[in-house]
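Visitor: I am new to this structure. Please show me around.

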Amino acid sequence: MRTKDLITRWNAQALSRQFLLAGGIVAAAAMLVVGAFVTSLIEEAVTRNSAATTALYVDSVIAPLLPDMQTTEVLDDAVARALDETLGQGALGNRLLEFRLWRADGTVLYSNQAEIAGKRFELSPQLRTAFSGEMVAQLQSQDGSQDVTGRPAGNPFLEIYNPVLQPWSGEVVAVSEFHEIAHDFQLSLRRARFLTWLAVAGFTLAFFIMLSAIVMRGSRTIEKQRAALKQRIDELSALLLQNETLRGRVQHASQRATALNEKMLRRIGADLHDGPAQLLAYASLRLDSDLLTNPMTSNEKRDRELAAIKASLEEAMHEIRTLCNGLVLPQIETANLPEILERCVAAHRQRTGSAVDLSLSDPPARLSPSAKICIYRFVQEALNNAYRHAGGIGQRVTQTIERERIRIEVADGGPGFDPSQISSTSLGLAGLRERVESLGGTFELNAAASGTVVRMWLDIREIGQI
């Protein structure tokens with residue numbers, strides 16, 4: 001199962017269950033850590049205190065029997081017999097398994113095991129620590145094996161290394177090593193461990209139960225509030241759906257009213273400028289052409305020029321009559337988008353004789369009449385501007401679909417211009433912008449030095465049925 005699925009399932013659980021799972025794991029981990037730490041401290045303290053008590057007792061009995069250890073390198077027979085008698089009877093005899101007296105060079109000065117007395121061994125880390133003046137105590141397990149010094153095995157014992165100090169100087173002159181029977185000590189230590197773990201577990205469990213009760217109570221309150229909030233959200237969602245339906249109807253009606261307004265009232269001036277005005281301007285420019293003013297022009301060329309001017313004037317008059325009657329051009333209203341763009345480009349080529357590249361990409365199957373009018377006028381005006389201001393260089397028309405939005409782009413390869421220099425009273429670009437934005441579309445102009453690009457976007461979902 002993927003991590004994302006696990007996180008989703010975890011977030012779907014109730015807060016109380018999340019707390020019980022996560023809090024239980026954390027509480028158990030904390031109990032183990034605290035229990036182990038406290039137990040180790042108790043074991044260390046109990047072991048050290050027990051060893052210190054035994055060491056003090058041994059010192060009080062053994063120390064008076066020892067000679068001056070700074071001047072004595074070996075113990076004489078009298079001292080050895082006294083130690084044998086003292087360690088073999090009474091309280092010490094019952095508690096000590098083994099006793100050794102070490103010199104700093106690793107020589108065993110005395111041992112209740114006669115076979116290792118006088119022998120020399122390498123100092124263990126415990127002995128080195130004891131010779132530095134610090135007592136060392138450790139509990140040996142029952143399964144320990146006998147080492148080279150004859151250390152006993154098979155019984156739990158407390159191994160103690162106690163420094164022997166010179167009374168008047170406090171210098172460590174020897175180390176006494178003795179092994180104390182630890183049956184009772186081991187039982188006491190186990191009992192202390194058990195009580196420690198029981199106390200830590202009890203406190204952790206009580207604390208966790210108390211927090212769980214608080215969290216579960218809060219979780220129940222949150223679940224109730226969540227259920228009430230979900231019900232409220234469902235009600236609001238239903239209202240929002242109704243409002244969205246009403247908004248769509250209002251927007252649909254508003255867009256239809258805008259389209260009708262475009263055709264009947266507010267767009268008369270822009271339509272006159274975009275259609276007949278462009279044709280008349282074209283005819284006016286052709287009247288001043290060299291083909292008519294130059295007396296050397298042949299009659300055939302002059303006739304063709306006059307025929308083109310006449311055709312342009314006739315087309316302008318036809319559009320003026322159409323606008324006056326409040327009608328849209330039939331060929332635009334009944335044609336699809338590719339046909340509209342092809343007719344607009346073909347008409348421009350016929351009027352100007354300039355080349356125009358047309359690129360179509362996945363055009364929509366249906367468009368509203370208002371959208372068709374907007375696109376036709378946009379391309380017509382943009383191409384006329386490209387011919388008038390850029391000489392018709394590099395003219396191209398591109399249609400694409402981007403995220404359910406139709407994009408129409410008209411570009412040329414002319415020198416460009418400064419948009420800030422356009423008069424506010426000009427109806428050309430301002431009329432195009434108003435026409436596009438009235439349908440909820442977007443208008444963009446980029447007049448760089450390498451050419452001018454005019455773009456428009458219309459949302460197919462919003463204008464498809466207007």
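A few questions and answers follow.

Guide: This is a predicted model, where local features need pLDDT of at least 70, side-chain atom pairs count only at pLDDT 80 or more, and totals for chains, interfaces and linings use all residues. Residues are numbered from 1 along each chain as its sequence is written, and side-chain values use heavy atoms, with hydrogens and water left out.

Visitor: Which element of the protein chain has the highest mean pLDDT?

Guide: pLDDT is the predictor's confidence in each residue, from 0 to 100. The protein chain has a mean of 75. Helix H4 (residues 90-95) has the lowest mean among the elements, 60. The highest, 93, belongs to strand E7 (residues 395-401).

Visitor: Are helices H11 and H12 roughly parallel or roughly antiparallel?

Guide: Helices (H or I, at least four residues) and strands (E, at least two) are DSSP runs, numbered from the N terminus. The axes, lines fitted to C-alpha atoms over the stretch in contact, come within 10 Å for H11 (residues 337-352) and H12 (residues 369-390) and cross at roughly 25°. Angles run from 0 to 180 degrees between N-to-C directions, and those under 35 degrees count as roughly parallel, over 145 as roughly antiparallel, 65 to 115 as roughly perpendicular and the rest as oblique. Therefore H11 and H12 are roughly parallel.

Visitor: Which residue forms a salt bridge with Arg100?

Guide: A salt bridge puts a side-chain nitrogen of Lys or Arg within 4 Å of a carboxyl oxygen of Asp or Glu. Here the closest N and O atoms are 2.9 Å apart, and the partner of Arg100 is Glu177.
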